Amino acid sequence: MLTSLQGKSVLVTGGTSGIGLGIAVGFARQGAKVAISGRQRDKVEAVASRLRDQGLAVTGLVADVAQREQVRQLVEQVVQAQGGLDVLCANAGVFPSAPLEQMTDADWDLVLDTNAKGTFLCVQAALPHLRRAAYGRVVLTSSITGPVTGFPGWAHYGASKAAQLGFMRTAAIELARDGITINAVLPGNILTEGLQGMGEAYQASMAASIPLKCLGKVEDIANAALFFASKEAGYITGQSLIVDGGQILPESLQALA
Ligand code: NAP
């Protein structure tokens with residue numbers, strides 16, 4: 001049993017859908033005060049209002065994580081609304097597909113700016129407040145794609161997700177001086193709205209390549225984030241945890257036969 005996160009102030013970037021929403025709900029169900037952010041105001045307000053209707057303490061805020069000034073304002077608003085910041089979940093990310101030969105500078109910049117630079121900007125803006133909180137947890141949502149595996153069309157995405165881990169290892173040393181930890185969850189294939197829309201046949205073919213024979217749930221990622229944010233994980237920093245049902249393990253299709 002982990003110590004309760006009741007009353008902790010949490011920011012989940014990209015908390016309006018998919019994995020981020022799952023993480024936000026996970027923290028809110030533990031009694032934490034949770035701010036969720038995204039770029040689309042309508043979506044931010046609708047999701048935050050739906051969660052409040054369920055009795056969860058959730059605030060919706062609009063910000064593009066790739067824009068320094070918007071990130072600064074986002075963190076200030078969280079601190080104002082929730083009386084500080086204890087936990088940052090830097091989760092916002094994009095994954096548009098582009099084959100390497102056709103990949104444009106704009107394709108590359110969008111993915112690296114959102115996923116890698118966005119992580120840097122959010123951690124940097126949160127740092128003084130995490131230090132003040134005397135708790136201080138950062139949880140990154142990376143991926144198996146890039147750090148461990150590859151997938152055609154995602155060279156830029158893989159680079160951005162590996163960049164998060166390179167950033168994390170040095171940040172971990174610098175943040176440790178203030179007792180702040182930073183760790184990363186590496187999801188495999190998680191059943192989000194986007195994947196649900198691709199149909200059951202597609203989902204079944206993906207599940208067949210996973211030793212545990214099913215796609216992950218957003219709750220599986222939320223549970224890992226909750227652990228890294230817990231008091232009990234306070235001696236763990238600069239580490240990554242793969243949550244993928246064993247997806248990276250088979251050497252060949254023969255291994256799954
Ligand atoms: P999703 O459902 O598309 O949600 C992405 C979230 O990020 C939304 O809230 C979106 O809101 C926000 N967002 C995107 N760009 C942003 C920006 N520039 N500034 C602020 N917010 C932004 O995606 P997901 O599948 O849950 O993925 C979430 C994270 O998990 C990503 O980092 C992704 O790389 C990682 N991941 C996902 C999987 C998977 O199977 N789904 C696997 C491995 C890793 P707006 O559009 O309103 O901005």
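Predicted model: local features only at pLDDT ≥ 70, side-chain atom pairs only at ≥ 80, totals over all residues.
Rings of Phe, Tyr and Trp (its six-membered ring) pair if their centres lie within 6.5 Å; planes under 30 degrees apart count as stacked, over 60 as edge-to-face and the rest as tilted.

Residues are numbered from 1 along each chain as its sequence is written, and side-chain values use heavy atoms, with hydrogens and water left out.

**Stop 1: the rings**

Select Phe151 and Trp154. Their ring centres are 5.5 Å apart and their planes meet at 45°, so this pair is tilted. Phe151 is exposed, at 52% relative accessibility, and Trp154 is partly exposed at 24%.

Next, pick Phe227 and Phe228. Here the centres lie 6.0 Å apart with the planes at 40°, so this pair is tilted too. Phe227 is partly exposed at 30%, whereas Phe228 is buried at 3%.

**Stop 2: Tyr135**

What sits over the ring of Tyr135? The charged end of Lys8 does, 4.3 Å from the ring centre. Arg137 also lies over the face of Tyr135, at 4.4 Å from the centre. (To count, NZ of Lys or CZ of Arg must be within 6 Å of the ring centre and within 35 degrees of the ring normal.)

**Stop 3: the strands**

Colour by secondary structure (helices, H or I, of at least four residues and strands, E, of at least two are DSSP runs, numbered from the N terminus). Start with strand 1, residues 9-13, where five of five residues are buried. Show its side chains: Ser9, Leu11 and Thr13 point one way, and Val10 and Val12 the other. In a regular strand the side chains alternate between the two faces of the sheet.

Which strands pair with strand 1? Strand 2 does, in the parallel sense over five bridges, and so does strand 4 (residues 87-90), also parallel, over three bridges. Two strands pair if DSSP finds at least two bridges between them. Click Val12 to find both contacts: its bridge partner in strand 2 is Ile36, and in strand 4 it is Cys89.

Trace the chain from strand 1 through helix 1 to strand 2, and you have a right-handed β-α-β unit. (Right-handed: with the strands pointing away from the viewer, the path from the first strand over the helix to the second runs clockwise.)

Move on to strand 2 (33-38) and strand 3 (58-62), which run parallel and are joined by five bridges. Ser37 has Leu61 as its bridge partner in strand 3. The chain gets from strand 2 to strand 3 through helix 2 (41-53), and this crossover is right-handed.

**Stop 4: helix 4**

Finish by selecting helix 4 (105-133), one of the elements that each supply at least two residues of the lining of the largest pocket. Helix 4 gives the largest share of that lining, four residues.

Conventions
Buried < 20%, exposed > 50% of the residue type's maximum accessible area, 1.4 Å probe, protein only.
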